[in-house]
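Hello,

Here is the structure I promised to pass on. My notes follow below it.

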Amino acid sequence: MEDWSKVVAEHGEAVWQATFRLLGNEPDASDCVQETFVAAVKVSRHEPVRSWPALLRRLGTMQALCILRQRVRQRKHLEAIEVPEIQDPAPGPADRAQAAEVAEALRKALARLPEQQAVAFSLRFLEDLSYEQIAEALGLSSNAVGVLIHRARTRLRQLMTVMDVLESRGDHD
Amino acid sequence: MTEKNSNHREPMDQLIEQAIDSIRRTPAPPMQPGVQAAVVAKMRLASRQPRLVLLYERIRAMKPRNKLVAAASFLFAIGATVALLAVMMARPAVAFADVKAQLQQAKTIQMTMSMPTSTATVPVDMRMKMLIKEPGLIRIEMDIGVVTIIDIPAKKMLALEPAKKEAVLLDVGQFPAGGNTQPQNMLENIRKCLDGSEQALGERKIDGKSAEGFCVKKDSGEMEVWVDKASGNLAMIKITSRLPGTPLPSVILRDIVLNQELPDSLFSLKPPEGYSLKQQALNMSQPVEADLVAGLAMMASIGDGQFPDSVTPGPELGSKVEQAAKGKNEQEHQAMTQKMVRMILFVSIQAKTNRFQYAGKGVKLGDAAKPIAWWRQGDGSTYRVLFGDLNLKDLLASELPATATAPASVPCSMPAAEPGLVRVQIIDKAGNNMSVGLLRPEVVVRIEKNTSTRPAELWTKGMGQFSKATSKMVADLIIRIDDPREQRANLPASGPVKIVVYDYEAGTLASLDNLSAGVSLTVKPKAGTGETANPELVVELRDAEGKTRDVTRGK
């Protein structure tokens, strides 16, 4: 029987930090962390867990992206998302606001990507995993991960261009 | 790449880098100890729960009596969902006049219901055919093979399981009065729903035919009605609820046929020849608050001292009771089922009539400080509130706990059916009926020869979850289903098989008989429609020789 308190004590904070960064608010991060660990328990009942950090990163990212997609479907809720300020000693309020804005734009764009692309992109650029680590987490070859990330980036460019144009026209998401 | 795009590429890359940097530097507060404790508690609970089994596996494994209760639970859930929409009264729209008239004069109605729902974590869906004949006769044919017949005037329900030739006859005594959740009101509720409509949705293809859509929207949810342009008949009704605690985010009614002759034999309470029959009584009289208290006490006792996540009707509660009743004698088993049913009845009626709210998720039995459920009393100025120690108090409306807003409370594990999502149903030679739902194109279904002599494994994987069961059937085929969202299934079958592919909104895309090893199907957006909000889906068959052809809608 696994010591769940120990698993949470060792990895909980890392999962929390990662999901909070992606989601940008505490209630969603709290739900996400709980769902992530529960999902991890279920995975562990079917197969031995070789690496808790790797499993939790994958599940946490998938769950957070799932919540982001849910937000996109529920546009009213999307408008109410709190966007935390970016702490930086140098930038002024305008820079902070812009940084928060582009971060939110990326979150929205990630929510519109196919799931695997979004997960691979997030693990690579937000979690700093190597192609090999992502390949292992997703059960793919490194080459396939490379293709996914390339496609994700191409699609993100398109999505953010569209969002940029809409913003400049004053349209809502 | 166009000049315009190439001009955007560099600044967009910079913007993406800036956004990545910004997200990475988003300051996160430390995880609160309360969250950590909740995580550990949930993990412990999850680790003690029985292994996840697919919804249809669970229902298929149930005893006939519980299958009947599961079906009845669904019925009440649907009744509640439909009833929620019945309050949406707006200006009658001229375009609805014909449809309304059709329904108002209907003496029989048959339709197919799709209800995306979920187990604890895996999205699945249920599909059933429902026949209603006035006065008060209902027949539900679930696609897992269970048939339930409800005779309201006779106050009896019959469950049939053709595969085992078993029948259970329930003497209900009486159906509860009040509220619109009663099954006998279902046809009336649907009629009422059609009384109001405002927004035109334009045209789209339903089952390959042009249909015109209308939508009624309120805070509590919305209903889309699609009318066949050529015939003026109902093509599809989609009901989406946004009320907290609604058991089914969406119900889709299709294949709606009015006034077709439905012989009385379809509603007979006499089991077919050769069936074993078990009879029992089930008290479905008007439920009282003591029924809620007793039901919640039982659910907490079988849930390691915690109240259930939800008390809304559906097979989840039934499955929990089923698991807990293992090893108990028949009398105890019946008593547990009875408690669950009466709790569901109370919730169904109070949810409609008195704004019932449930907040017991995560609360421990005995916690006197936490309100777990409340509902309106009398003129609405006071509420009856049930606390975690199962004591009841009357509170003013202003003293109620803040309720969650509905849209955000629908968890990811219960997605509503979206346009373009697909369901694949497989019926094999032995009569096994399996389905995998909420698949995202491109979906690939491959039929392979099973060369293994060991018992075949039936498994599904989706949203990071995995479910596995060992099949006892003789399987000479393995059906493999994959979608790009990494939803996968491995279904053993006895060939040849029939495969039916549905788009939740556009209807049956393909129905193919006698498929054997070497054949594959791909469900994908039609060229040129993939990037649109409602992509038109096509089904392509690749035969054993590698030749492909479009088989969409019988092509």
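Strands 27 and 28 of chain B form a hairpin with five residues between them. In its turn, B:G546 has a positive phi of about 90°. Three bridges join strand 27 to strand 28 (residues 548–550), and the two run antiparallel. B:L541 has B:R549 in strand 28 as its bridge partner. Strand 27 (residues 537–542) is also joined to strand 26 (residues 520–525) of chain B by six bridges, again antiparallel. There, B:T522 stands opposite B:E540. Strands here are DSSP runs (E, at least two residues), as are helices (H or I, at least four), numbered from the N terminus. Strands pair if DSSP finds at least two bridges between them.

This is a predicted model: local features need pLDDT of at least 70, side-chain atom pairs count only at pLDDT 80 or more, and totals for chains, interfaces and linings use all residues. Residues are numbered from 1 along each chain as its sequence is written, while chains are lettered from A and ligands numbered from 1 in written order.

Buried means 20 or more other C-beta atoms within 10 Å of a residue's own, with C-beta atoms placed from the backbone.

Chain A has eight helices and zero strands. Of its 173 residues, 43% are buried.

Best wishes

Methods
A residue is buried if 20 or more other C-beta atoms lie within 10 Å of its own, exposed if 12 or fewer, and partly exposed in between; C-beta atoms are placed from the backbone.
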